[in-house]
Amino acid sequence: MTEPYKGILPIAPTIFHDNGDLDIEGNRRVMDLMVDQGVDGICILANFSEQFLLTDEERDQVMRLSIEQVAGRVPVIVTTSHFSTRIAAQRAKAAADAGAKMLMMMPPYHGALLKADEQGMVEHFKHVTDACGLPVILQDAPLSGVTMTVPFMVRLAKEVPLVRYFKIEVPGTANKLRALIEAGGEAVVGPFDGEEAITLMADLDAGATGTMTSAMIPDLIKPILTAHASGDRKTAAALYRDVLPIINYENRQCGLRSAKAVMKEGGVIRSEAVRHPLTPLHPKTREGLIELARELDPLALRWGK
């Protein structure tokens, strides 16, 4: 797959043993599962990958093993966000050297108050793209606490042309996508939906050409995108209604632990552990998730059996 990237580019979870150590084999198995799910690309080291709980050495290890295991079957997108422009650029170059096809980045921030202004953000992304030469998908999410307006994102895309993909996951995503596409024109190559596809249909109607979900059920979400892209909105809407209950459950109840729970239940991985201070799913919450998953029979629930 080459640019423009579109379709479903899910976030891979990072797999740990019960004691919290990296599970190398488990992470390799997740890469194989995701390829078999029919994804159009795989994003690693994102927030849903628990990137904020990994050491720099572990990040590098996960990046290299993931790209090696995928072996060019689909593009690998590496998240390289950091408040430091120097470190973000170093991460970006390492990703490019390892074989990544695209980066995902949040705007530079640290905590609730340390943020760059708009000129600082433009300079940040220019330094990063100069270091790696890879296209970037800009993640516009509440977690950063940075408000990026449509005019600013259009400015960024025009002044730093490698920033040409946009993952929008804020309240009113569809309206922001629509405005971004209209104002940005050809500079906006890939408008993407996120937040576990909780607003997918509205976002596709607004012009999104792809989505970045979790790795829980991409095999069931991809047909929605395919139908919508072909002009069959009725089929897309019907398929979306089928999966919306589990998407809602993931988004509102479980978060990044959902994909791991389903993969563990399906024999893909041995442990669904998350790193402290994150906590495991409550048994009853997990039970509700697996009940919904069994009704849909996604590949992750049977791949390892």
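This is a predicted model: local features need pLDDT of at least 70, side-chain atom pairs count only at pLDDT 80 or more; totals for chains, interfaces and linings use all residues.
Reader: Why is helix α5 called oblique to α6?

Author: Helix α5 (residues 150-159) and helix α6 (residues 173-184) pack at an angle of about 45°, their axes lying 9 Å apart. Angles under 35 degrees count as roughly parallel, over 145 as roughly antiparallel, 65 to 115 as roughly perpendicular and the rest as oblique, and α5 is therefore oblique to α6. The axes are lines fitted to C-alpha atoms, for helices over the stretch in contact, with angles running from 0 to 180 degrees between N-to-C directions; helices (H or I, at least four residues) and strands (E, at least two) are DSSP runs, numbered from the N terminus.

Reader: Which residues make the contact between α5 and α6, and what classes do they belong to?

Author: From α5 come Val150, Met153, Val154 and Lys158, and from α6 come Lys176, Ala179, Leu180, Ala183 and Gly184, where contact means heavy atoms within 4.5 Å. By class, this contact has six nonpolar, one polar and two charged residues; Ala, Val, Leu, Ile, Met, Phe, Trp, Tyr, Cys and Pro count as nonpolar, Asp, Glu, Lys and Arg as charged, and the others, Gly among them, as polar.

Reader: What makes α10 and α11 roughly perpendicular?

Author: Helix α10 (residues 257-265) and helix α11 (residues 283-296) pack at an angle of about 65°, with 10 Å between their axes, and α10 and α11 are therefore roughly perpendicular to each other. In this pair, Ser258, Ala261, Val262, Lys264 and Glu265 of α10 meet Arg286, Leu289, Ile290, Ala293 and Arg294 of α11. The contact of α10 with α11 has, by class, five nonpolar, one polar and four charged residues.

Reader: Why is threonine 129 called buried, and what surrounds it?

Author: Threonine 129 belongs to helix α4 (residues 118-132). Buried means under 20% relative accessible area, exposed over 50%, and partly exposed in between (1.4 Å probe, protein chains only), so threonine 129, with a relative accessible area of 5%, is buried. Leaving aside neighbours within four places in sequence, threonine 129 is in contact with Leu134, Val136, Val160, Leu162 and Val163.

Reader: How do you know that the side chain of threonine 129 has a polar atom placed for a polar contact with lysine 126?

Author: A polar atom of the threonine 129 side chain lies 3.2 Å from the backbone oxygen of lysine 126. A polar contact is a pair of N or O atoms within 3.5 Å; within protein, one must be able to donate a hydrogen and the other to accept it, and residues adjacent in sequence count only if both atoms are side-chain atoms.

Reader: Why do alanine 92 and valine 74 both count as buried?

Author: Alanine 92, in helix α3 (residues 85-98), counts as buried because its relative accessibility is 0%. Not counting residues up to four places away in sequence, alanine 92 touches Thr80, Leu103, Val128 and Cys132. Valine 74, in the loop between α2 (56-70) and β3 (76-79), is buried because its relative accessible area is 12%. Leaving aside neighbours within four places in sequence, valine 74 is in contact with Val35, Val39, Asp40, Gly41 and Ile42.

Reader: What makes the backbone at alanine 71 and alanine 197 worth a comment, and is each of them buried or exposed?

Author: Alanine 71 has a positive phi of about 55° although it is not a glycine, and phi of alanine 197 is near 70°, again a positive value in a residue other than glycine. Alanine 71 lies in the loop between α2 and β3 and is exposed because its relative accessible area is 58%. Alanine 197 lies in the loop between β9 (190-193) and α7 (200-205) and counts as buried because its relative accessibility is 0%.

Reader: Where are the prolines that follow cis peptide bonds, and what are the omega values?

Author: A cis peptide bond joins glutamate 3 and proline 4, with omega about -5°, and proline 4 is in the segment before β1 (7-8). Another cis peptide bond joins histidine 276 and proline 277, with omega about 20°, and proline 277 is in the loop between α10 and α11.

Technical notes: Residues are numbered from 1 along each chain as its sequence is written. Side-chain values use heavy atoms; hydrogens and water are left out.
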